[in-house]
Amino acid sequence: MDKYKILRKIRKNGTSLAINIPQEVIELLEIKEGELVEVEIRKIK
């Protein structure tokens with residue numbers, strides 16, 4: 001599996017906005033620190 005969809009609230013992190021990736025998704029996709037990932041952002045509410 002190379003794709004996983006999640007819904008998350010955006011939070012403030014200094015002067016930026018951020019989201020957290022759940023641990024189960026990190027393990028499922030075997031994501032490591034420093035790897036490049038694609039993120040699609042779409043406002044739903």
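Here are some questions and answers about the predicted model shown above.

Me: Before we start, which pLDDT do local features need?
Reply: Residues are numbered from 1 along each chain as its sequence is written, and side-chain values use heavy atoms, with hydrogens and water left out. This is a predicted model where totals for chains, interfaces and linings use all residues and side-chain atom pairs count only at pLDDT 80 or more, while local features need pLDDT of at least 70.

Me: In what order do the elements of the chain run?
Reply: Helices (H or I, at least four residues) and strands (E, at least two) are DSSP runs, numbered from the N terminus. The chain has one helix and two strands. Starting at the N terminus, the order is β-β-α.

Me: What share of the residues counts as buried?
Reply: Buried means under 20% relative accessible area, exposed means over 50%, and partly exposed is in between (1.4 Å probe, protein chains only). The C-alpha atoms fill a box of roughly 30 × 25 × 15 Å along the principal axes. Of the chain's 45 residues, the buried share is 7%.

Me: How much of the accessible surface belongs to carbon and sulfur atoms?
Reply: Accessible areas come from the Shrake-Rupley method with a 1.4 Å probe, and for residues only the protein chains shown count as cover. The surface of the chain comes to about 5,000 Å², and the part belonging to carbon and sulfur atoms is 51%.

Me: Which residues make the nonpolar surface patch?
Reply: Patches take residues with over 30% relative accessible area and no salt bridge, joining like charges within 9 Å and nonpolar side chains (Val, Leu, Ile, Met, Phe, Trp, Tyr) within 5 Å. A salt bridge here is a side-chain nitrogen of Lys or Arg within 4 Å of a carboxyl oxygen of Asp or Glu. Ile41 sits in the segment after α1 (23–29) and is exposed, with a relative accessible area of 75%. The patch covers about 630 Å² and is made by Ile10, Leu17, Ile19, Val37, Val39 and Ile41.

Me: How far apart are the mean positions of the positive and negative charges?
Reply: Lys and Arg count as positive and Asp and Glu as negative, with His and the chain ends not counted. Each charge is placed at NZ of Lys, CZ of Arg, CG of Asp or CD of Glu. For the 10 positive and 8 negative charges, the mean positions are separated by 14 Å.

Me: Why does Glu30 count as exposed?
Reply: Glu30 is found in the segment after α1. Its phi is near 55°, a positive value in a residue other than glycine. Glu30 counts as exposed because its relative accessibility is 58%.

Me: Which residues is Arg8 in contact with, leaving aside its neighbours within four places in sequence?
Reply: Arg8 is found in the segment before β1 and is partly exposed, with a relative accessible area of 44%. Contact means heavy atoms within 4.5 Å. With those neighbours set aside, Arg8 is in contact with Ile19, Asn20 and Pro22.
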